[in-house]
Amino acid sequence: MKQSPLPLPPQVAVLAICLAFGALATPAAAEDVTVSIDNFTFTPAEVTVTPGTTVTWVNNDDIPHTVVDKKQAFRSKALDTEGKFSFTFTTAGDYSYFCSLHPHMVGKVIVKAGG
Amino acid sequence: MSRHERPSSETAPRLDADGIDRRGFLECMTWAGTGILWSISGGVASGVGLGRALAAEPQKALTFLQISDSHVGFDKAANPDALGTLREAVARIRTLKEKPAFMIHTGDISHLSKDKEFDDADQIIKEAGIPVFYVPGEHDLLDDGQGKAYLDRYGKGAKGAGWYSYDHGGVHFIALVNVVNLKAGGLGNLGTEQLEWLENDVAGLPSSTPLVVFAHIPLWTVYPEWGWGTADGLEALSYLKRFGSVTVLNGHIHQVMQKVEGNVSFHTARSTAFPQPAPGTAPSPGPLKLPAGELKKNLGIATVNFVRGSEPLAIIDTPLEG
């Protein structure tokens, strides 16, 4: 997603983005990505981001989940309902993660420089 | 009712000449209504309704009790008062005519491993007035120490992540932990250290010793799509093959399910907190929200009877209501 190059005050730019994406859109800003956890599933299961991006996981289930990188780059505490966990990816690479409580739940973050 | 037939002595499976139902093992689920008494002898399973079981002359046997998945701290729509339903389960245990020798808790004592949740659970469970043997569920290892809180409280004398064994009334009981170091995409996991311990633990026992093995996640593969099984469960069971009577008791899936394979009978207990859907019947194994009045028919306890000599084993699942 591109940064808005508009020479407008930030408030106007934000408003423009809100109007453009509508109330339901999640990726409000280019640098933020949200992965939601619904029905024991990470959605989207795979995201591709640029270095420096912060990914936030939000648990919408009635059961706690965790977000744990297979190679231990990150490990959340148990996220209860509506619990959130954020991690900023600074290094390019593939990050396969899972829920340590329900290991059949898997997801992936791909970090690569934009081009 | 579900499409699964309710087991009864009339619908006992057809067995091979040697009395073992090799292929079509018995698998069944009870959802609601009365409990089922299971008698298993030499691999032959038969079941009768709870009413008839209770009417039968009580035999002098080793009786112990299983509770599971109390999830103290859970307060969502499927059951806003998990502590209250645990209290009801314990009250029911206190009314049993024959006091069980002890109780096993097959894990998920707490919902989020908080001290207060463990405290509340302990407070209620001790009212049963009988010794309790625990194994952890994955919900009991969520403290910062990833299980230290559980071990400090329940792990005295246990090995590794909390496994141990003991003998009671001629029966050898083995408590296993299959909820640590779970691998991405995988199932429950025992690990090599625990498997080695298990092999040594049973090595000196005569094959005639009845074994009861309990762990949180089912040791047999119930539904891998939801992680309901144990990756190295078969290896564990291979060490138990020579024994004439092996009973495997699990929790985790919040519903009664049973299976008999050769001399091994598998059984999962209801939760005292909330039910979960039958495998594949919902988008996920999340808590099942039932219509008002249905919840307590789907929560409950299990009583296990061993009668020495003839070696039948009976498990009675009793819902909190209905």
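Reader: Quick one to start: what's the relative accessible area of B:Asp152?
Author: B:Asp152 has a relative accessible area of 46% and is partly exposed. For the cut-offs, buried means under 20% relative accessible area, exposed means over 50%, and partly exposed is in between, with a 1.4 Å probe and protein chains only. Keep in mind that this is a predicted model, where local features need pLDDT of at least 70 and side-chain atom pairs count only at pLDDT 80 or more, while totals for chains, interfaces and linings use all residues. Residues are numbered from 1 along each chain as its sequence is written, chains are lettered from A and ligands numbered from 1 in the order in which they are written, and side-chain values use heavy atoms, with hydrogens and water left out.

Reader: Which residue does B:Asp152 form a salt bridge with?
Author: That's B:Lys148, with the closest N and O atoms 2.9 Å apart. A salt bridge here is a side-chain nitrogen of Lys or Arg within 4 Å of a carboxyl oxygen of Asp or Glu. Both residues sit in helix α4 of chain B, four residues apart, or about one turn of the helix. Helices (H or I, at least four residues) and strands (E, at least two) are DSSP runs, numbered from the N terminus.

Reader: And how many salt bridges are there over all chains?
Author: Twelve, from a search of the whole structure.

Reader: Which residues are linked with B:Arg153 in a network of salt bridges?
Author: B:Asp115, B:Asp119 and B:Asp122 are in that network with B:Arg153. B:Arg153 meets B:Asp115 at 3.8 Å, N to O. B:Arg153 is in helix α4 (residues 148-154) and B:Asp115 in helix α3 (residues 115-125) of chain B, so the pair ties together parts 38 residues apart in sequence. For B:Arg153 and B:Asp119, the closest N and O atoms are 2.9 Å apart. That pair again links α4 to α3 of chain B, across 34 residues.

Reader: Switching to B:Ser110, where does it lie?
Author: B:Ser110 is in the loop between β5 (103-105) and α3 of chain B. B:Ser110 is buried, with a relative accessible area of 0%.

Reader: What does B:Ser110 touch?
Author: Leaving out residues up to four places away in sequence, its contacts include B:His71, B:Glu117, B:Phe118 and B:His139. Contact means heavy atoms within 4.5 Å. A polar atom of the B:Ser110 side chain also lies 3.2 Å from the backbone oxygen of B:His139.

Reader: What about chain B as a whole, how many helices and strands?
Author: Six helices and 14 strands. Of its 322 residues, 58% are buried. Among contacts in chain B with a separation of 6 or more, 72% are between residues 24 or more positions apart.

Reader: Over to chain A: what's the strand order in the open sheet of four strands?
Author: The order is β3-β8-β7-β5, with mixed pairing. Strands pair if DSSP finds at least two bridges between them. β3 (46-49) and β5 (68-69) of chain A are at the edges with a single partner strand each, so one side of each is left without a neighbour in the sheet.

Reader: In what sense do β3(A) and β8 pair?
Author: Parallel, over four bridges, with β8 of chain A covering residues 106-111. A:Val49 has A:Val111 as its bridge partner in β8(A).

Technical notes: Polar contact = N/O pair within 3.5 Å; in protein donor to acceptor, adjacent residues only side chain to side chain.
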